[in-house]
Amino acid sequence: MTLVLLVPAFLFVAAAIVLVGPDRTRHARAKIAAYPVGIACLGAVGTLYQVASSGPIEIRSYNLSSVASFAIPIGFHVDRLSAIMMTLITSVSVVIYNYSVGYMFQDRHARRYLAMICLTDFVLICMVSSSNLMMLFLFWQILSYLLYVLAHNHGHPGTLAGAFKTFTLLRVADTAFLAGIALAYQLYGTLEFQELFVRAAQTPIALSLWPGMEVSGATAITLLFFVGAMGKSAQFPIHLWLPGSLFAPTPVHALLHAGIINAGGFLINRLAPLFGLSSTTLHVAFVIGTLTAILGATMMLAQNDIKKTLGFSTIGQMGYMIMECGLGAFSLAVFHLVAHGLFKATVFLNCGNVIHKARQEPHFPHVDHQVDEEELSRLTWFTGFITTLFIPLLILLVTHGVLRIPLLESQGTVIFLFFIWITSSQAILTLTRLRQVASWKVSSVMLITLLFIVFVYLFAVESFTAFLYPDPEEVASYFKAAALPDWLFDLMIVMATLLTVLGWSYLYLRAHGRTIWMPAWIDGVRIRLYVLFMNRLYADEIYQKLGVILLRILDRFDKSAQGWSR
Amino acid sequence: MKGGALITSVLAGLPLLGALTSLLFWSNPARLKLSSVVWSAVSLGSIAGLSGQFVIPPEGLLPLYLLPLTAIISLLGQPPHADHRLSWITTLAFLGLGLCVLTNQPPVSSLASMLLFSAVALLLYRHHSVLWPMSWWGIGTYVLGALCATLSLAANAPLSSVALLVGSAVLLPLMPFHDGHLTALTRLPGNLPSFIVLLLPIIGLHGLATVLPTVPDVVAWIVSLFALAGAFYGAIKALAQTRVRLLLAYGSLSFFSMLWWFAAATRTATPRSALLVGTVGLATSGLLIAWQVVRTRYGDDIDPQAVSGLASGMPQYAVLLSLLALAAMGLPPFGVFAGFMGLLLSAPFPSSGGLVITLLAWLAASWYIMQMVQRLLFGLRRPELRYTDVLRTELAALLIVVLVLLALGLAPATLFAPDQTMSATHSIMGRSYGIGNDN
């Protein structure tokens, strides 16, 4: 039990070691603090093992019956979800902290920065292991402020503007979260997770927003919580803070994109039984997630700076993750955020090297322009056929026959398989470009690798789902709650498939110098869209304009209402 | 009974005696300040020592502890100077009158209120400058308060109740009686604004606790409308301010109006209400002291944008101001958040629209306070400015405020008085929604 408490405690100790002491020992202390960070990571792994073998750990410093008499009831509830998040956060932190010690060497504010990194980890760990909504909100709020402080270089106007935007936008989402907490307590009389889930399931409450319009209590609460999650997970249209914070030091991004941004996904997963009671909220999450995934990925393609590209990639991935939640695939969302966190931390920590190399070598990254082939060979067509048609069929058969997943009853699984097909095929197409020069050997190796990845992924996800939610009925109930009308679902799948295959064909033919007839207006629209997405939909400018208008109105109001006391 | 009267007389009399004896050091400002701090500390000690021997007010003991504590920090935050002597003596006198109101019953408490109103009005009449000209509206509001205090004493119900309610609205600012609050915070001399911002609202809350259960429903409904308007108006006005003292005055008006809304809904003022009023007052007091630090160095009413980069030149000040700002904007784990959440969780919302307005006002605080802090602390360091970090007394004052706000944010609400509201709320919810009492 105490092992759990040691995880945040060691991170706090690390922060204290960095912060307290004479300036001449600054660097030595920074190095020493790496040990408690490492021990915290080992503690998290131990906690994961303990939770997996002996069940959830509960530590409370308050009496459950008098929870509201405490301003902040401090308690820990560490289940498998918390333990996984703790392991992810601490393992990423070990790498980031050690990287930061070297990266910030000789920086004037390195001490403050490193202490803040440790403190952020501490806050994250406390947040994911909270036993009630109030404690979770406490650390959620502190995290919002830490993101402001972590911008680090407060003398730089761009950084400062980004940090302020981050803080204020996150506060908007936090306010919705707070309203959700207040409403949850008013309706169900508890902020304890387990009790809240039981009471919400047992006591259906209808709230009347205005005459003739009623929503269920669970829907109202989860919608408010969802807005809170949207903020931290940078969902459209509250995503602007993430690209705005890109002036911060690189390790901050690694931590942000690998740990902090997952808070939204964590919140939805933590409250999954509550979200499972509201189909409306899950559908809203699906729409917002899809929109964010599409816009984030599109804007990523049009950026010309590595940090912005990665930033928008994260937004797209977070959209994808929220979309998975909206489909009721909560465990997949967690799997996704763990995988994405590890991947994005690596990429961010390496992006400095890429920039450095690009400055030294004018031809880096290498331009992969071979002599274009005139004809498409049989091999090319054959590989394309197998990748796009045969493999999906194989996946479906194996899923249906071997893993015995009822595909027709579960839209979430169908969509999951659909995305496996799209992403893996896209990866293979991008890697090989299906060049006709590719030999049988290369094509075979790539296809086998693809199959291997797909099935390992499928197996891993299935195992992970069973680990996180051991009760299959619970998983099924989430999928059921998130189910869309059949016609809409089929239409979406067909449309997405058609668009994807058409897109691939178009890109492939263009890459090989084929002329494709296209009406002139489409080309015009394409260019305009490119400019629009390159400028990130002018969302920053729109927000700025709105801010200016608002301030002008406030100023006018202030002038008209002054006189008495001024 | 006689013993109780003696004890309350001692509690109120000690600071008044301190004011008289401190006059002996009139020619030596440093000693005068020290004497004022010591007498305030003695007052705090007397409250702690005698707390079990007098009737606890309905809003609990917290206000009684906070009054001398705020007097101490407001005195500590002021540099010794001959110009501030009057404000130090007045602080002790106001502390005595405040304790008299809180620990006594009418007519003594009403007389003390009347004296307090009159003294503030007189000070406002005497103290104004080119930067802060005379405000007849503000003075008039306190004169109205004094009249209300007299009327509450002389008239019968329901007129006395209405008078007490209006008097409370002047002290604990509620639109349209908020001008006194704005004027007092901007024009009173020396350390008085940083003391008054807690003293008057606390006394107003005390009056509210007495009068709210007796007012008719329609009056409570009107009060809640004014409260919501005040919360919104205060936030809007604070967003538009560039002058720090006005910004803080409007910001605190917004938060106090939230309390009015909750109080009008529950028709009572509980220790949770005292927690919100006390912590909002204390946080604003801390910010006023922090602003006093800047004023001492760079002149009165300076534009915050003209002073930037304090974070690198005055690191201790920067850390304390940041923490105070977090507390003042209602972020956890500080007391303002605890008070706000305590009311959110204990009172059933009278309307969802009201809750939205309250939350918007809460959200707006993070905009205007953060902007003010950012302008002061961050940005480029100015080579033409000399940066001197906080002095020992300033450090002590700001540190005490931060620590007390933190302690109040973490302490259980029942520490200063048992709160019956929670169990009442539980039973109400249990009846309304059929929730079993199985927790």
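Domain bounds come from an automatic or database domain assignment. With that in mind, here is a friendly set of close-ups of a predicted model, in which local features need pLDDT of at least 70, side-chain atom pairs count only at pLDDT 80 or more, and totals for chains, interfaces and linings use all residues. Residues are numbered from 1 along each chain as its sequence is written, while chains are lettered from A and ligands numbered from 1 in the order in which they are written.

**View 1. The domains of chain A, and where two of them touch.** Chain A is divided into domain 1 (1-131), domain 2 (153-357) and domain 3 (374-516). Contact here is a matter of C-beta atoms, placed from the backbone, lying within 7 Å of each other. By that rule, 13 residues from domain 2 of chain A and 14 residues from domain 3 of chain A take part in the contact. On the side of domain 2 of chain A that touches domain 3 of chain A, α14 (279-302) and α16 (330-360) of chain A each supply at least two residues. Helices such as these are DSSP runs (H or I, at least four residues), as are strands (E, at least two), and both are numbered from the N terminus. The largest share of that side of domain 2 of chain A, five residues, comes from α16(A). By type, this side divides into eight nonpolar residues, five polar and no charged. Nonpolar covers Ala, Val, Leu, Ile, Met, Phe, Trp, Tyr, Cys and Pro; charged covers Asp, Glu, Lys and Arg; the others, Gly among them, count as polar.

**View 2. Chain A as a whole.** Its secondary structure comes to 23 helices and four strands. Of the 566 residues of chain A, 44% count as buried. A residue is buried if 20 or more other C-beta atoms lie within 10 Å of its own, exposed if 12 or fewer, and partly exposed in between, with C-beta atoms placed from the backbone. Among the contacts in chain A with a separation of 6 or more, 77% are between residues 24 or more positions apart.

**View 3. Helix α6 of chain A.** This helix covers residues 133-149. Because 15 of its 17 residues are buried, α6(A) is largely enclosed by the rest of the structure.

View 4. Strand β3 (residues 206-210) and strand β4 (residues 213-216) of chain A run antiparallel and are joined by four bridges. Two strands pair if DSSP finds at least two bridges between them. The hairpin has two residues between β3(A) and β4(A), and A:G212 in the turn has a positive phi of about 95°.

**View 5. Two cis peptide bonds.** In chain A, the peptide bond from A:F236 to A:P237 is cis, with omega near 5°. A:P237 lies in the loop between α9 (217-232) and α10 (241-244) of chain A. In chain B, the peptide bond from B:M175 to B:P176 is cis, with omega near 0°. B:P176 lies in the loop between α7 (159-171) and α8 (179-187) of chain B.

View 6. Which loop of chain A holds A:R536? A:R536 lies between α22 (520-534) and α23 (539-561), and A:L537 is in the loop between α22 and α23 too. Phi is near 55° for A:R536, a positive value in a residue other than glycine. For A:L537, also a residue other than glycine, phi is positive and near 60°. A:R536 is partly exposed, with 19 other C-beta atoms within 10 Å, and A:L537 is partly exposed with 16.

View 7. pLDDT is the predictor's confidence in each residue, from 0 to 100. Chain A has a mean pLDDT of 81, with 83% of its residues at 70 or more. Among the elements of chain A, helix α17 (residues 378-401) has the lowest mean pLDDT (63) and α9(A) the highest (93). Chain B has a mean pLDDT of 87, with 93% of its residues at 70 or more. Among the elements of chain B, helix α18 (residues 421-433) has the lowest mean (38) and helix α3 (residues 62-76) the highest (94). The pLDDT is below 50 over residues 419-439 of chain B, a stretch with 32 contacts in the model beyond near neighbours in sequence. For the complex, the predictor gives an ipTM of 0.86 and a pTM of 0.87.

Terms used
Expected span 1.5 Å × (residues − 1). Contact = placed C-beta atoms within 7 Å.
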